[in-house]
Amino acid sequence: MRTTPLGTTGEAVSAICLGPMYFGSRVDRETSFDLLDRYYEAGGRFLDTANNYATWLEGYDEPKSEPLLSDWLDERGVRDEMTIATKLGFNYGDLPQSLDPELIESEIDNSLERLGIDTIDLLYAHVDDYDTPQEETMRAFQRAIDAGKVRHLGASNFLGWRLARANRIADEQGLTPYQCAQPRFSYYVPNRDADFGNQLEPTDELLSYCEYEELTVLPYSPTLSGCYGRDDRRIPSEYVNTENRVKRDIVSEIAERKGLNGNQVVLAWMAARDQPTVPVIGVSTEAQLEQNLAALDVEFTDEERRRLDSVETMGVFPWRE
Ligand SMILES: NC(=O)c1ccc[n+]([C@@H]2O[C@H](COP(=O)([O-])OP(=O)(O)OC[C@H]3O[C@@H](n4cnc5c(N)ncnc54)[C@H](OP(=O)(O)O)[C@@H]3O)[C@@H](O)[C@H]2O)c1
């Protein structure tokens with residue numbers, strides 16, 4: 001599988017990251033192992049989990065994704081080949097939502113234990129915390145890096161200015177900066193009043209900042225539950241607007257012309273964005289995984305690319321020439 005640079009670390013990660021959020025819970029163990037095997041066979045080496053996956057599901061109070069990955073890494077003996085990303089900061093069990101230094105310290109240890117590894121390759125702040133001074137958070141991360149428990153840092157669900165501010169503090173204090181951002185990011189753009197709680201869409205500022213500072217962008221929920229390519233998944237209500245109707249038609253047309261599924265068109269568009277962009281895919285069957293990985297083989301003509309990219313203007317030229 002081709003690779004994409006991870007920020008300015010000098011390292012590269014698989015161009016599609018596999019998100020085992022529901023592995024070990026909604027997706028049973030055997031299927032999860034098959035999916036991990038298949039991703040590995042396809043050359044995939046980048047897994048994205050979190051300390052709280054998927055404790056919000058009924059009947060799953062304890063984290064299941066990290067322990068399942070631990071078993072798979074162990075049984076297959078491939079830990080050294082994989083880039084393992086996990087996250088902390090969201091509430092689960094008795095833990096509050098926070099990036100407090102003590103919570104960071106204990107949750108890193110808990111994730112290491114659940115994952116059965118010595119070092120987390122990429123640790124995300126899963127959500128921002130406006131109550132803990134950013135410097136304290138960055139110092140807590142630095143202590144974990146100095147102790148060899150973490151290698152790189154990422155920020156998920158951050159506003160652009162908060163990410164920029166954290167990295168400026170890191171720069172001024174000689175601390176390790178965030179190397180990537182993980183926003184809720186798909187091809188459809190949500191309505192202005194859409195509310196996804198703590199899940200944040202990428203603002204233009206976030207994307208522009210990441211481009212300027214060479215931070216990698218890792219879109220999560222990239223297919224919006226597969227809605228670009230299956231009749232049983234309607235476009236989510238927060239995304240029902242005129243622009244997205246135009247986008248839907250463009251995706252369908254291009255998919256039909258190229259013999260693809262709409263989800264593949266969207267993932268291919270994403271992975272080929274000008275700035276380093278690595279979709280974090282969710283799948284529950286091998287067919288979905290195959291389809292999504294095949295997005296990396298899709299090549300758009302200049303015209304297709306222009307149509308997919310320039311939809312914002314919808315054919316309307318500037319109001320005043
Ligand atoms: N940082 C964060 O706050 C955050 C939040 C959410 C997710 N994530 C990460 O992002 C990953 C993906 O998130 P997500 O599951 O919400 O992604 P998604 O792309 O919105 O949804 C994935 C689901 O869409 C369907 N699907 C995907 N590809 C398909 C295909 N080719 N054909 C038909 N259906 C397809 C499947 O649904 P069915 O299984 O129902 O068939 C699949 O489980 C997670 O595993 C996690 O690692 C991060």
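1. Let's start with the packing of helix α3. Its buried residues pack against α2 (65–76), β5 (83–88), β6 (120–125), α4 (134–146) and β7 (150–156). Packing here rests on contact, meaning heavy atoms within 4.5 Å. Helices (H or I, at least four residues) and strands (E, at least two) are DSSP runs, numbered from the N terminus.

2. A word on what you are looking at. This is a predicted model, where local features need pLDDT of at least 70, side-chain atom pairs count only at pLDDT 80 or more, and totals for chains, interfaces and linings use all residues. Residues are numbered from 1 along each chain as its sequence is written, and side-chain values use heavy atoms, with hydrogens and water left out.

3. Back to α3, which covers residues 101–115. The helix has 15 residues and spans 21 Å from its first C-alpha to its last, close to the expected 21 Å. That expectation is 1.5 Å times one less than the number of residues.

4. Which residues of α3 are buried? They are P101, L103, I104, E107, I108, S111, L112, R114 and L115. Seen down the axis of α3, these buried residues fall within an arc of 165°, so they line one face of the helix. The arc is taken from the directions from the helix axis to the C-beta atoms. On the face turned away from the buried side, α3 carries the exposed residues E102, E105 and E113. As for the words, buried means under 20% relative accessible area, exposed over 50%, and partly exposed in between (1.4 Å probe, protein chains only).

5. Now look at the two ends of α3. At its start, a side-chain oxygen of D100 comes to within 3.0 Å of the backbone nitrogen of E102. After the helix comes G116, which has a positive phi near 65°.

6. Is D118 buried or exposed? It counts as exposed, because its relative accessibility is 68%. Leaving aside neighbours within four places in sequence, D118 is in contact with L112, G148 and K149. D118 and K149 are 31 residues apart in sequence, yet their C-alpha atoms are 6.3 Å apart in space.

7. Leaving aside neighbours within four places in sequence, T49 is in contact with residues including P20, L69, T86 and L115.

8. In that loop between β4 and α2 you will also find A54. The peptide bond from Y53 to A54 is cis, with omega near -10°.

9. On to the ligand. Of the 29 residues around it, D48, S221, T223, S284 and N292 come nearest; a residue belongs to this group if one of its heavy atoms lies within 4 Å. An N or O atom in the side chain of S221 is 2.7 Å from an oxygen atom of the ligand. Backbone atoms take part as well: a backbone N or O atom of G19 lies 2.8 Å from a ligand oxygen, and a polar backbone atom of M21 is 3.4 Å from one. Taken alone the ligand exposes 910 Å², and the protein buries 87% of that. Those areas come from the Shrake-Rupley method with a 1.4 Å probe; for residues, only the protein chains shown count as cover.

10. S221 is placed in the loop between β9 (216–217) and α7 (242–258) and is partly exposed, with a relative accessible area of 31%. L224 lies in the loop between β9 and α7, and its phi is positive, near 45°, in a residue other than glycine. L224 is buried, at 6% relative accessible area.

Note on methods
Polar contact = N/O pair within 3.5 Å; in protein donor to acceptor, adjacent residues only side chain to side chain.
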